[in-house]
Amino acid sequence: MQSRYPLLKKWTAEEHERLKALAEAGSRPDEIAGELGRSEAAVRVRAWRHGIALRLVTQKRGP
C-alpha cells in the first residue's frame, strides 16, 4: 500500500533521541531543525506530539 503522504520523511529512533537531547540542552527549534535536516515546523510538531519542551523563541520585529 502506498503512503498517503509520500513526501514526508519518517523519523528514526536516532533522530528522535537527538531531538530530545538537543531540546534538553536548550537548543532553539531552528538550530535543532538545521542539525537534523528537517524544517522547523517538523521539529515543533514532533516535539509537541511527544511532550518534548522546546526553548521559546521570540522573533525580533523590524529595525
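Okay, before anything else: what you see here is a predicted model.

Let's start with the helices. Two packed helices are described by the angle between their axes and the distance between those axes. Take H1, residues 13–24, against H2: the axes come within 10 Å and cross at roughly 150°. Anything over 145 degrees counts as roughly antiparallel, so that's how H1 sits relative to H2. The crossing where H1 passes H2 is right-handed. Who's touching whom? On the H1 side we have Glu 15, Arg 18, Leu 19, Leu 22 and Ala 23, and H2 brings Ile 32, Glu 35 and Leu 36. By type, that H1 and H2 contact has five nonpolar residues, three charged and no polar.

Now the other pair. H2 covers residues 29–36 and H3 covers 40–49, and their axes come within 8 Å, crossing at roughly 105°. The range for roughly perpendicular is 65 to 115 degrees, so H2 and H3 fall into that class. From H2, the contact uses Pro 29, Asp 30, Ile 32 and Ala 33, while H3 puts in Glu 40, Val 43 and Arg 44. Keep an eye on Ile 32, by the way: it's in the contact with H1 and in the one with H3.

Key. Residues numbered from 1 in each chain as written. Predicted model: local features only at pLDDT ≥ 70, side-chain atom pairs only at ≥ 80, totals over all residues. Heavy atoms only, no water. Axes fitted to C-alpha atoms, helices over the stretch in contact; angles between N-to-C directions. Helix = DSSP H or I, 4+ residues; strand = E, 2+ residues; numbered from the N terminus. Parallel < 35°, antiparallel > 145°, perpendicular 65-115°, else oblique. Contact = heavy atoms within 4.5 Å. Left-handed = near helix turned anticlockwise from the far one by under 90°. Nonpolar A, V, L, I, M, F, W, Y, C, P; charged D, E, K, R; others polar.
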